[in-house]
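Please keep the sequence and the structure in view while reading.

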Amino acid sequence: MTVPFLKIEQLAQRFPSPDRGGEPLTVFENVSFGIEKGEFVCIIGHSGCGKSTIMNVLAGLAEPTEGVVVMDGQEVKGPSLERGVVFQNYSLLPWLSALRNVTFAVQARHPDWPKDKVKAHSYRFLELVGLTGGAERRKPSQLSGGMRQRVSIARAFAIEPKLLLLDEPFGALDALTRGSIQDELLRIWRGSGLTVFMITHDVDEALYLADRVLLMTNGPYARVAESVEVGIPRPRSRDQIVEHPNYYKARNHLVHFLARRSKELAGREHATASGQPETVRFADPGDDSPGGEGADPSQPALRAVNQ
Ligand SMILES: Nc1ncnc2c1ncn2[C@@H]1O[C@H](COP(=O)(O)OP(=O)(O)OP(=O)(O)O)[C@@H](O)[C@H]1O
């Protein structure tokens with residue numbers, strides 16, 4: 001079995017909890033999964049199950065109570081410019097222009113680059129997210145939420161990390177802006193070979209963007225219970241994706257998980273020893289095998305328990 005690019009093994013996070021009589025709060029436990037190089041993976045779960053905490057651990061911004069994260073053969077032990085992070089609240093430096101916010105990061109990544117090269121490189125990434133023509137000279141307070149998020153995305157891509165971590169990056173944006181930035185993100189990602197891990201609460205966003213969707217049970221003692229393969233070819237278009245036979249199967253599966261199974265599967269007693277999520281995939285259209293398109297529609301998904 002090959003080792004994935006990003007390997008998360010038996011992660012647990014416990015926090016001191018004074019109001020529980022000294023007993024720590026176990027946010028999640030037994031979290032294990034892998035992500036292949038170039039994959040786009042979304043994670044979904046109810047509020048408080050620990051998605052941001054997992055992302056902070058992957059970023060090297062937080063230390064887990066138990067478990068390890070290995071990226072490209074090296075244990076993650078602190079922040080690194082090999083991992084780009086985009087938060088919902090943009091996290092831009094307010095006193096710098098959009099362009100300087102990007103050049104600042106690029107300079108840190110490539111201290112030996114001359115200024116002109118840093119500037120041209122940064123400008124190129126702002127161009128890719130459609131933020132030039134004067135907007136690049138404005139400070140964050142002079143930009144709309146969508147424009148600020150474009151700067152954050154340009155900055156994260158401009159450092160050319162190996163792993164891009166996105167924590168609900170479009171949560172604060174209106175639907176139209178969200179749609180156009182999602183498309184820009186996909187366009188840049190497609191040509192980059194970058195591995196992406198993204199938190200979202202939006203099932204349709206996950207299905208549009210991801211190769212795989214990880215589903216978390218409710219906390220405490222949350223875990224990643226399922227890994228759902230979206231199985232819809234790329235490039236995807238918003239109009240056509242809903243016509244793909246897998247779309248509603250996958251959508252119904254995710255919605256049902258969030259509505260029911262995230263609660264039913266919660267708690268330590270359902271955990272497996274390996275902590276690996278169950279793989280769920282949808283059969284190709286025309287496939288008559290169990291779960292296939294021509295098979296019983298009450299059995300929408302093929303499941304395989306990971307070892
Ligand atoms: N430093 C900390 N100390 C104590 N508890 C914490 C700390 N950080 C997070 N928590 C708790 O851990 C739990 C998980 O938080 P986290 O933000 O990771 O959840 P989430 O799934 O990302 O939630 P949301 O979807 O609402 O953003 C919450 O109960 C939170 O209060």
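## Overall fold

Of the contacts in the protein chain that join residues at least 6 apart in sequence, 68% link residues at least 24 apart. The structure is a predicted model, and its protein chain contains 8 helices and 12 strands. The radius of gyration of the protein chain, 20 Å, is close to the 19 Å that the globule rule gives for 307 residues, so the chain is as compact as a globular protein of that length.

Taken along the principal axes, the C-alpha atoms of the protein chain fill a box of roughly 60 × 55 × 35 Å. Of the 307 residues in the chain, 39% are buried.

## Confidence

The pLDDT of the protein chain averages 90, and 92% of the residues reach a score of at least 70. Residues 288–299 have a pLDDT below 50, although this stretch still has 22 contacts in the model beyond near neighbours in sequence. For the model as a whole, the scores are ipTM 0.97 and pTM 0.91.

## Annotated domain

According to the UniProt record, which is an unreviewed entry, residues 6–243 carry the feature "domain: ABC transporter".

## Surroundings of the ligand

The shell around the ligand consists of Phe-15, Val-27, Gly-45, Ser-47, Gly-48, Cys-49, Gly-50, Lys-51, Ser-52 and Thr-53. By residue class, this shell divides into 3 nonpolar, 6 polar and 1 charged. Helix H1, which spans residues 51–59, gives the most to the shell, contributing 3 residues.

## A loop residue, Ile-232

Ile-232 is found in the loop that runs between strand E10 (224–229) and helix H7 (238–241). Is this residue buried, exposed or partly exposed? Ile-232 has 18 other C-beta atoms within 10 Å, and because a residue counts as buried at 20 or more and as exposed at 12 or fewer, Ile-232 is partly exposed.

When neighbours within four places in sequence are left aside, Ile-232 is in contact with Ile-241, His-244, Asn-246 and Tyr-247. In the case of Tyr-247, which lies 15 residues from Ile-232 along the chain, the C-alpha atoms of the two residues are separated by 7.4 Å.

Notes: Residues numbered from 1 in each chain as written. Predicted model: local features only at pLDDT ≥ 70, side-chain atom pairs only at ≥ 80, totals over all residues. pLDDT = per-residue confidence, 0-100. Contact = placed C-beta atoms within 7 Å. Near = placed C-beta within 6 Å. Helix = DSSP H or I, 4+ residues; strand = E, 2+ residues; numbered from the N terminus. Nonpolar A, V, L, I, M, F, W, Y, C, P; charged D, E, K, R; others polar. UniProt positions renumbered as here; feature names shortened; annotations may be inferred. Rg over C-alpha atoms; globule rule 2.2 N^0.38 Å.
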